Amino acid sequence: MKKYLFLLTIASFLLFINCSNDLSQKKDPEVRNIIFLIGDGMGVAQVYAAMSSSEYTLNMERTKHIGFAETFSLNKKITDSAAAGTALATGKKTKNGVIGQDSLGNEFSSILVVAERHGLATGLISTSAITHATPASFIAHELSRNDYEAIAADFLSTDIDVFIGGGYNHFAHRADSLNYIDSLINHGYQIVTTIEDVESTDSNKLAGLLYDEHPPRYSEGRGDMLPKATKKTLEILSKNEKGFFLMIEGSQIDWAGHANNTKYSVEETLDFDRTIGVVLEFLNENPNTLLVVTADHETGGMALTSKSGDYLTSDATFATGGHTSIMVPVFAYGSGAELFTGIFDNTGFFTRFIKLYGFDAE
Ligand code: MG
Ligand code: ZN
């Protein structure tokens, strides 16, 4: 009897070891791939203005999981894109203007960098310079968002696989005369400067620097750069069997808000929505994938009002040329989407991503 009990104890001990091994190895996390889409300056009014002027149902309307995120920064009720980008990327609040760190210089790890450390593929795509505040928050650590050349140099401290946007000059034509294009090539990147070359590349390490500074607006020459760059990047990053993290930004919804320009806002929001469509096609074929769409803040205080007072039609009016403090919408699709409902703080994206990937909290 004693011997039997002893064997039973051994057996349950082995079972225990086996279970705890399974937990620590996290062989099958619920989510392998996360795609994070940020519409800079995209509040509910910007989304509804695009919905009302579209002939087709927006991809944003296809979500079953909707929430709201608060956007205040560490020192201001109204955030800028640097503090908001840092909160979205790292889960930590910082002061307006600061990228990926606190104002004393303590660096924060972004979800992109944590994913990279775990062997996942990573990417950034933007319709601004890739060194601008939103993408920079995922990769750089700088006291000032305006230090574009320092931000460009920070790209070399990572192993990001693909980045596509504008900002060629911040790598190539610098005040310090250093040539970071050569450094990128030495790090194994293929450098491409047109969207056609992005689409036709067979490289797995790609720096797409398609414009000297910022890309133009959609109707002034940029065209389908964002959905095309997204399609190619998904193709490249999905070759990594461990999974990937990709951030895609619709940067110019914000600029349309600053300009109080409704047509510009709608055109950029529709371009952003078509990009969501490309990601949703990928989700259909890749079940362990999460797509989260949100904004860093609202811009312009856009309201849809009746100008003549008869309530028959509504037109956009703007309360400000700057940002506002209002909550921004969250749309989530695919694996783990149910975690992105309700009202939560913009630091909550990072913590949810870490949890869903099955990474240990840092
Ligand atoms: Mg931005
Ligand atoms: Zn702005």
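D176 is partly exposed, with a relative accessible area of 38% (partly exposed lies between buried, under 20% relative accessible area, and exposed, over 50%, using a 1.4 Å probe and protein chains only). Its side chain meets that of R174 in a salt bridge, 2.9 Å from N to O (a side-chain nitrogen of Lys or Arg within 4 Å of a carboxyl oxygen of Asp or Glu). R174, for its part, counts as buried because its relative accessibility is 10%.

Before going further: this is a predicted model, where local features need pLDDT of at least 70, side-chain atom pairs count only at pLDDT 80 or more, and totals for chains, interfaces and linings use all residues. Residues are numbered from 1 along each chain as its sequence is written, chains are lettered from A and ligands numbered from 1 in the order written, and side-chain values use heavy atoms, leaving out hydrogens and water.

- Searching the whole structure turns up eight salt bridges.
- One of them pairs D345 with K93, with 3.1 Å between the closest N and O atoms.
- That pair links distant parts of the chain, 252 residues apart: D345 belongs to strand β14, and K93 to the loop between α3 (81-90) and α4 (111-117) (helices, H or I with at least four residues, and strands, E with at least two, are DSSP runs numbered from the N terminus).
- D345 counts as buried at 18% relative accessibility, and K93 counts as buried at 18% too.
- D271 and R222 also meet through their side chains, at 2.8 Å from N to O.
- Here again distant parts of the chain are linked: D271 is in helix α12 (residues 262-285) and R222 is in the loop between β6 (206-211) and α10 (225-237), 49 residues apart.
- Both D271 and R222 are buried.
- R217, K263 and E267 are joined into one network by salt bridges that share partners.

**The magnesium site**

- The magnesium ion (ligand 1) has D40 (OD), T134 (OG1) and E249 (OE) as its protein donors, lying 2.0 to 2.2 Å from it (donors are N, O and S atoms within 2.8 Å of the metal, or 3.2 Å for Na, K and Ca; water is not among the atoms, so sites may look incomplete).
- Along the chain, the donors follow the spacing D-x93-T-x114-E.
- D40 sits in the loop between β1 (33-39) and α2 (44-53) and E249 in strand β7 (residues 244-250), so the pair ties together parts that are 209 residues apart in sequence.
- D40 and E249 are both buried.

**The sheet**

- Ten strands make an open sheet with mixed pairing, in the order β5-β6-β4-β3-β7-β1-β8-β13-β2-β14 (two strands pair if DSSP finds at least two bridges between them).
- β5 (190-192) and β14 stand at the edges with a single partner strand each, so one side of each is left without a neighbour in the sheet.
- From one strand to the next, the twist averages 15° (axes are lines fitted to C-alpha atoms, for helices over the stretch in contact, and angles run from 0 to 180 degrees between N-to-C directions).
- Strand β3 (residues 121-129) is mostly covered, with nine of its nine residues buried.
- β3 pairs with β7 in the parallel sense over six bridges, and four bridges join β3 to strand β4 (residues 162-166), also parallel.
- L124 stands opposite M247 in β7 and opposite F163 in β4.
- Strand β8 (residues 289-294) pairs with strand β13 (residues 328-334) in the antiparallel sense over four bridges.
- Between β8 and β13, V293 stands opposite F331.

**Out on the surface**

- V44, F68, I326, M327 and I343 form a nonpolar surface patch, with about 440 Å² of accessible area together (patches take residues with over 30% relative accessible area and no salt bridge, joining like charges within 9 Å and nonpolar side chains, Val, Leu, Ile, Met, Phe, Trp and Tyr, within 5 Å; accessible areas come from the Shrake-Rupley method with a 1.4 Å probe, and for residues only the protein chains shown count as cover).
- I343 is in strand β14 (residues 342-345) and counts as exposed at 57% relative accessibility.
- I66, found in strand β2 (residues 65-70), counts as partly exposed at 44% relative accessibility.
- I66 and T351 are 285 residues apart in sequence and 18 Å apart in space, C-alpha to C-alpha.
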